Each structure stands twice: as structure tokens, then as C-alpha cells.
Amino acid sequence: MGLGASVFVFGTLRDPDLLQVVAGGAVDAVPATLPGFRVARAEGQSFPILNERSRKEAEGLLLRLTDAQLARLDYYEAPYDYARCPVTVETGDGAVQAQVYAPQHGRWTPAGNWSLSIWQDRHGALMREAAVEIMEGFGTVAPADIAARMNVIRTRAQQRLNARTASSPTILRQAHTRNDVELVDKRRKYSHFFALDEIDVKARTFDGGYSETMERAVFVTADAVTVLPYDPVRDRVMLIEQFRAATYLRGDPNPWSLEAIAGRQDGGETLEEAAHREAMEEAGLTLKALHKVSSYYGSPGANTEYLTSYIGIADLPDGSDGVGGLDSEEEDIRSMLVSFDTLMGALDSGEAENGPLVISALWLARLRERLRA
């Protein structure tokens, strides 16, 4: 395979693990600098851009890429509206003609200095994981489609990181691990706000053997949080109501759902940050404290969604309800204040038929006196 080009990288692709994911393997790289430039953070973003400035030099790596590796890097950079342009860089062997990825059409504005080590600490794990999904689309998914899906790609990456770093007890369950599953094949049938994967797998059976190959379809979503706001002084909660497409497609005669506040965890965001953000977005509510109810799978037979539910302590005076939601997400959310007894009545009548709401209400019933003390 022929040599594609010499490319100077100054930003996130200096991270060796990310570079290996993007390039599809090891890359021939040597230290290099680009005189007359500094590495600046793109305003409002975590990645860098080059900013021309005299008496400065941008540190980086000179990559000697094969044609195949160059095509992969071009694909990875395209969603950010980056393309190659010629530069002269300095190496230990002198000046070298190379190319560098630079933003087109003046899309990004330089801000303060950018640090690779800070990026690695704060964003590295997430973006390495996101790069895996991005590069799975190489040759099949247009870069413009990747750009449109970037936020949801990051949320799915966050979900995989959450699953990898969290642990739950193995007391009642048999101590099987991921090593007891053989992935035979995986096919992504749809990818947009959510994704749909078909997989062929073999799993270890309880008698020690392995199953036959099973075909399964999995709805790939993101980890999410729910918050049931509770005012222990007034002994009332805030509920929300909104239209849900799934209940409509099921044929429900009233496809508006009574719920706790809920939303996805964004990439790079903690669960607690997501809970506070969603309370503000959906109900204009500032929470004083969060009490974790539980973390759980809602429907693990077909859905990757992993939920963490909270009771959020808040002031809920008369008039704090209303209609909210984000216009950018086409949300039309009605919030309402109801007494604890009314909430329990909704459980008894069946009007509260949303799983996280039911779970949170039962937790509140069990520990309500402690919260009111």
C-alpha cells in the first residue's frame, strides 16, 4: 500500500489511542512543530484550531500515512468541516513539506490556549469511545450525517463508558461476564436520534456450555435520568405531562403521559448535572438536593437504556407550575403540583402508569417521613 501523505496533527489526534482508532492501526509519527502558529481552543468547543501568531510555534506530530490511513483521517475530520492544506513544519531532520487539517469557511473562532493533557483528562475517554462509532461509519455513512448525529454519538459513547466503569453486586446472579458472550455479527440497521442494531450472539448457558447462535434486535438509546421534585414542607410533588409518540403508536386513547421530569445524559455530563439541567429545562425548577432512588434497566430484553431516578428536593409554592420545555427539541411540557396523597391516588387508580414515576413514588412513600423530619 502506497504512502498517502505527510500530515501534521496538532490537536486531539496527538492522543495515541484516538489516533489508532481513527487510523485503523499503528501510525508512523515523529515530533514536529509549525512555526508562526499557536494551538487555540475553538470557541465553545473542546477541540483546538490553529491561530496564526508571530514568534509562536504549534507543537504536534508529523504522521507518515498510507493511502488507507489518510482516507480514514479525512473522513474523521470532515464532520468538523476540516480539510487539508499545505504547510512547512520543522522536525529533527529539518524542514518538511506536509499538510494540516484546517477549518473551512472560517467556521471556528479561536479562544484561549488549548492543552492536550487537559483535553485527555476531561474529554479523552469520551471522544475515543465516540470515535469508535464514527469510524464504524467509514465508507457507508456520509460525513454530513455524522456531523448531524455528533451529539447523539457522544451520548451513546457516554452510555458505554458508564456501563464499563459501573459495577453492581453479583450475589443472586451467577458470576458470568462479557467474556461468556461471543459476538458473531453486528449490523446497524438504523441510526439517528436512536439506533437499531441486529446482533448474532452465543451466550454461555447455566450448565456450562454455549447456546446456539441467537439473532436479537436491540434499540440503542442513551443513559437517562428522572427527577420527581418533592417539597417536604408543603408535602407536594411536581408532575409533568407531555405527548409521547410510543403511547400513540401503541394505540393508547390518551397518548399524553404523566411522568417525572426526565432526560438523556449528555456526553461528558454527570448524572447529577443532567438531573439539574432537565429540571430547569422542563419546569424552570432549581433543585436544592438530590436523593438517589435507584439505577436500573427499563426493558433489558430489547433496550439499552439505563435509568437513574432521583427525588429532587425543591420549593414548590403555588404558581410554580406551568408550561415549559425547549423549543429546539419541540417540547410542550405541562407541569402540575399535586399533594403526596393525590400522587398515591394516581398509583392506585392506574393513571400513573409510567415506570420511573411509579418507582420514584413508591420510594418516596417509604422514606417520606425521613425527608420531612
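1. Strands are DSSP runs of E with at least two residues, and helices are runs of H or I with at least four, both numbered from the N terminus; two strands pair if DSSP finds at least two bridges between them.

2. The model is predicted: local features need pLDDT of at least 70 and side-chain atom pairs count only at pLDDT 80 or more, while totals for chains, interfaces and linings use all residues. Residues are numbered from 1 along each chain as its sequence is written, and side-chain values use heavy atoms, with hydrogens and water left out.

3. Within the sheet, strand 8 (residues 195-203) pairs with strand 9 in the antiparallel sense over seven bridges. Opposite Ile199 stands Arg216 of strand 9.

4. For the protein as a whole, there are nine helices and 17 strands. A box of roughly 80 × 55 × 40 Å along the principal axes holds the C-alpha atoms. Of the 373 residues, 42% count as buried (buried is under 20% relative accessible area, exposed over 50%, partly exposed in between; 1.4 Å probe, protein chains only). Among contacts (heavy atoms within 4.5 Å) with a separation of 6 or more, 63% join residues 24 or more positions apart.

5. Glu129 is part of helix 3 (residues 116-136). The residue is buried, at 10% relative accessible area. Neighbours within four places in sequence aside, Glu129 is in contact with Ala157, Arg160, Leu161 and Arg164.

6. Two aspartates deserve a backbone check. Asp81, not a glycine, has a positive phi of about 65°. Asp81 sits in the loop between helix 2 (67-77) and strand 4 (82-91), and counts as partly exposed at 22% relative accessibility.

7. Asp235 also has a positive phi, near 55°, in a residue other than glycine. The loop between strand 10 (224-231) and strand 11 (236-243) contains Asp235, which is buried with a relative accessible area of 13%.
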